[in-house]
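Please look over the sequence and the 3D structure below. Then read the short report that follows.

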Amino acid sequence: ADLKSFIEDMPKAELHLHIEGTLEPELLFALAQRNNVKLAYDSVDALRAAYDFSDLQSFLDLYYAGAAVLQTEQDFYEMTAAYIARSRADNVRHSEIFFDPQTHTERGIGIDVVFAGIARALREARDTHGFSSGMIMSFLRHLSEDDAFATLEAALPLRETYSDLWIGIGLDSAERGNPPEKFARVFARCRELGFHLVAHAGEEGPPQYVVDALDVLHVERIDHGVRSEEDPALMQRLAQQRTPLTVCPLSNLKLCVVDDMRKHNLARLLHAGLAVTVNSDDPAYFGGYMNANFLAVAEALRLSRTELVMLARNGFEASFLPAAEKQRLL
Ligand code: ADE
Ligand code: ZN
């Protein structure tokens with residue numbers, strides 16, 4: 001088989017995906033019209049043309065503005081259903097999905113609306129197609145820890161209702177200047193509550209943020225983590241502990257974390273023995289879903305088929321699925 005078909009045929013698990021980052025311009029415009037939300041762009045093409053980012057913040061500004069079109073349970077459902085359709089087409093069998101309630105509750109949307117719409121699509125996909133998934137509620141790190149605590153308190157009454165899906169807690173948004181320590185207390189509480197823990201670290205921020213995500217927040221996976229390479233002791237530790245990194249190649253290129261895919265360190269991280277996985281992050285904004293991410297690194301880094309299989313298998317191994325489920329799905 002050619003490289004593209006080989007990638008398409010591999011079963012995949014996705015571990016770093018922001019559901020709000022799957023809102024394609026076409027659906028974004030349709031929802032804006034339905035909900036009477038005024039947009040700063042007057043066409044799908046004009047919006048897509050604005051997806052030209054210089055760093056993480058330049059993306060986040062558009063991403064939060066775009067999320068304003070999400071108002072009803074049906075809107076969250078349709079966005080999630082569209083993501084699942086794209087993922088199934090890419091032979092993704094399991095996905096652990098981030099969602100940012102604060103982006104919506106700030107606008108007066110009920111947190112129950114957010115949970116309900118996403119969960120309805122995930123349950124429907126599970127029951128109809130055997131598509132497996134989990135939900136990871138993420139705190140916005142540019143907001144205060146008190147705000148994160150308030151979000152946790154608002155969400156906890158829903159825990160039973162979504163016990164089949166809600167598996168973890170994450171930390172995202174602007175990394176620089178918002179170190180893991182800022183969320184030490186709320187992560188300690190989430191740990192007591194028995195949630196799986198992850199955090200974005202070492203995307204734009206220094207390797208010390210990766211160390212602190214591990215030592216202060218006690219996360220089980222690092223989202224991105226590509227700057228870990230700057231700290232040899234950290235690299236040794238990540239390899240030894242097999243702490244997964246959820247790497248997002250097209251995201252790193254679009255947000256100028258790397259200026260050329262041929263310079264991406266994914267292959268070096270893999271060869272150093274780290275549990276590297278490939279993920280799409282915000283695929284509607286960064287130019288592709290899972291297969292596009294695999295193909296981009298396969299070509300730019302001349303990865304072997306053995307390496308591609310390792311990356312895909314790492315996705316299942318690094319997932320929060322029970323061991324028997326990991327085996328069954330891959
Ligand atoms: N929110 C959505 N995508 C993100 C990313 N790549 N880094 C930090 N926060 C995000
Ligand atoms: Zn991310």
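The report covers the model, a set of annotated sites, one phenylalanine and a pair of helices.

## The model

This is a predicted model: local features need pLDDT of at least 70, side-chain atom pairs count only at pLDDT 80 or more, and totals for chains, interfaces and linings use all residues. Residues are numbered from 1 along each chain as its sequence is written, while chains are lettered from A and ligands numbered from 1 in the order in which they are written.

## Annotated binding site

An unreviewed UniProt entry places the feature "binding site" at H16, H18, H200 and D281. Positions follow the numbering used here, feature names are shortened, and annotations may be inferred rather than shown by experiment. These residues spread over 266 residues of sequence, yet they cluster in space, with a largest C-alpha distance of 11.7 Å.

H16 is found in strand β1 (residues 12-18). Strands are DSSP runs of E with at least two residues, helices are runs of H or I with at least four, and both are numbered from the N terminus. H200 is found in strand β5 (residues 196-201).

## Buried or exposed?

Are H16 and H200 buried or exposed? H16 is buried, because 30 other C-beta atoms lie within 10 Å. H200 is buried too, again with 30 other C-beta atoms within 10 Å. A residue is buried if 20 or more other C-beta atoms lie within 10 Å of its own, exposed if 12 or fewer, and partly exposed in between; C-beta atoms are placed from the backbone.

Contacts come next. Two residues are in contact if their C-beta atoms, placed from the backbone, lie within 7 Å. Leaving out residues up to four places away in sequence, H16 touches D223, T246, C248, N279 and D281. On that basis, H200 touches L171, D172, E175, D223 and H224.

## A phenylalanine in a helix

F115 lies in helix α7 (residues 111-129). F115 counts as buried, because it has 23 C-beta neighbours inside 10 Å. Beyond its neighbours within four places in sequence, F115 is in contact with L158 and Y162.

## Two packed helices

Two packed helices are described by the angle between their axes and the distance between the axes. Helix α8 (residues 145-155) and helix α9 (residues 184-192) pack at about 25 degrees, with axes 8 Å apart. So α8 is roughly parallel to α9. Axes are lines fitted to C-alpha atoms, for helices over the stretch in contact, and angles run from 0 to 180 degrees between N-to-C directions. Angles under 35 degrees count as roughly parallel, over 145 as roughly antiparallel, 65 to 115 as roughly perpendicular and the rest as oblique.

E145, A148, F149 and L152 in α8 meet R185, V186, R189 and C190 in α9.
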